[in-house]
Amino acid sequence: MVILKRIWNSIINFIFPQQCCICKDFLGIDGAICLSCVSKFDLITEPKCSCCGFPFEFKIKDSNKALLCPKCLKKSFKFDKACAAVRYDDFSKKLILPLKHGDKTQYAKSIANLMARCGTELAKQSDYIIPVPIHLTRMLKRKYNQASLICTHLSKIYSKPVLYTTLLRSKSTQSQGHLSSQERKKNVSGVFVIKNNSEIKGKNILLIDDVFTTGATVNECAKVLKQNGVKKVFVLTFARVVK
Ligand SMILES: [Zn+2]
Ligand SMILES: [Zn+2]
């Protein structure tokens, strides 16, 4: 039966390439995810750090208290609040990696839909949405910035404008993939610049990226945004590495 279903899906998807991004079942909508796959994401829920959104494994008795993780107790981050929709794991990778490295730009819509609910409160307080930028050389190779694609969809959902070219990456850096926490910090230090700070002065920004790993990249962006007069920086990512 499973083999027959696979053959049937292959035929249907060849004729109508509108399948679930993950299980490849026919859906009739391009870049969508079926309900069965949606239910398999490991959503990040309470209890979590009230600043960076790091999920805690234990229940807290006094739930009215604002909880902070060790990093946020040390005030390690320049952004004001961060939120991620799901944990970064083998399942969420099935959406992220094809969008990032496999030209599956249509996946950005599903990712934005999954991010939308967890970012509602942050979006309400924001004036503009800004994507974490990639360097021109990577842009020429990849042809798109996945964070910008996600921003385009979030902009429609939240009815907030996107500033695509205000925050730029001036230096090409090595991929953060296999770097330690300290190396990541060093790798992104001083690589972001602001092109025109008049439109962001005194404003609140919702910064968008696909994955929050150690927070080094979004933290460096937040630092530069604040140096250029931004009041508050909120961070919304699709996935978060939890370890
Ligand atoms: Zn599916
Ligand atoms: Zn924290």
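Domain bounds here come from an automatic or database domain assignment. That assignment divides the chain into domain 1 (1-40) and domain 2 (49-240). The C-alpha centres of domain 1 and domain 2 lie 30 Å apart. The two parts do touch: seven residues of domain 1 are in contact with seven residues of domain 2, where contact means that the C-beta atoms of two residues, placed from the backbone, lie within 7 Å.

The model is predicted, so local features need pLDDT of at least 70 and side-chain atom pairs count only at pLDDT 80 or more, while totals for chains, interfaces and linings use all residues. Residues are numbered from 1 along each chain as its sequence is written, and chains are lettered from A and ligands numbered from 1 in the order in which they are written.

Helices (H or I, at least four residues) and strands (E, at least two) are DSSP runs, numbered from the N terminus. Four strands form an open sheet in the order S1-S6-S5-S2, with parallel pairing; two strands pair if DSSP finds at least two bridges between them. S1 and S2 are the edge strands, each pairing on one side only. On average, neighbouring strands of this sheet are turned by 20 degrees against each other, direction ignored. Such angles run from 0 to 180 degrees between N-to-C directions, and the axes are lines fitted to C-alpha atoms, for helices over the stretch in contact.

Strand S5 pairs with S2 in the parallel sense over four bridges. Within that pairing, Tyr128 stands opposite Ile205 in S5, and Ile129 has Leu206 of S5 as its bridge partner. S5 also pairs with S6, again in the parallel sense, over eight bridges; here Leu207 has Val235 in S6 as its bridge partner. S5 is mostly covered, eight of its nine residues being buried. A residue is buried if 20 or more other C-beta atoms lie within 10 Å of its own, exposed if 12 or fewer, and partly exposed in between, with C-beta atoms placed from the backbone.

H5 lies across S1, S5 and S6 and runs at about 155 degrees to S1. H9 packs on the sheet as well, touching S1, S5 and S6, and its direction makes about 165 degrees with that of S5. Together, S5, H9 and S6 make a right-handed β-α-β unit: with the strands pointing away from the viewer, the path from the first strand over the helix to the second runs clockwise.

In soluble globular proteins, nonpolar side chains tend to be buried together. The largest nonpolar core of this model has 55 residues, and those with the most contacts inside it are Ile111, Ile150, Leu206, Leu207, Ile208, Val218 and Val233. A nonpolar core is a set of buried Ala, Val, Leu, Ile, Met, Phe, Trp, Tyr and Cys residues joined through C-beta atoms within 7 Å. Among the elements that each supply at least two residues of this core are strand S1 (81-87), helix H5 (107-124), helix H7 (146-158), strand S5 (204-212) and strand S6 (232-240). H5 gives the most, with seven residues. The core draws at least three residues from each of domain 1 (1-40) and domain 2 (49-240). For a view from one residue, take Ile208: leaving aside its neighbours within four places in sequence, Ile208 is in contact with Ile129, Pro131, Val132, Ala147, Ile150, Cys151, Leu154 and Leu236.

Some loop residues deserve a look for their backbone or their setting. A cis peptide bond joins Glu46 and Pro47, with omega at about -5 degrees; Pro47 lies in the loop between helix H2 (35-38) and helix H3 (70-73). Lys24, in the loop between helix H1 (2-15) and H2, has a positive phi of about 70 degrees although it is not a glycine. Lys24 counts as partly exposed because it has 15 C-beta neighbours inside 10 Å. Ser159 is not a glycine either, yet has a positive phi of about 55 degrees. Ser159 sits in the loop between H7 and strand S3 (167-169) and counts as exposed because it has 7 C-beta neighbours inside 10 Å.

Lys143 is found in the loop between helix H6 (136-142) and H7. With 9 C-beta neighbours inside 10 Å, Lys143 counts as exposed. The C-alpha atoms of Lys143 and Leu4, 139 residues apart along the chain, are separated by 37 Å.
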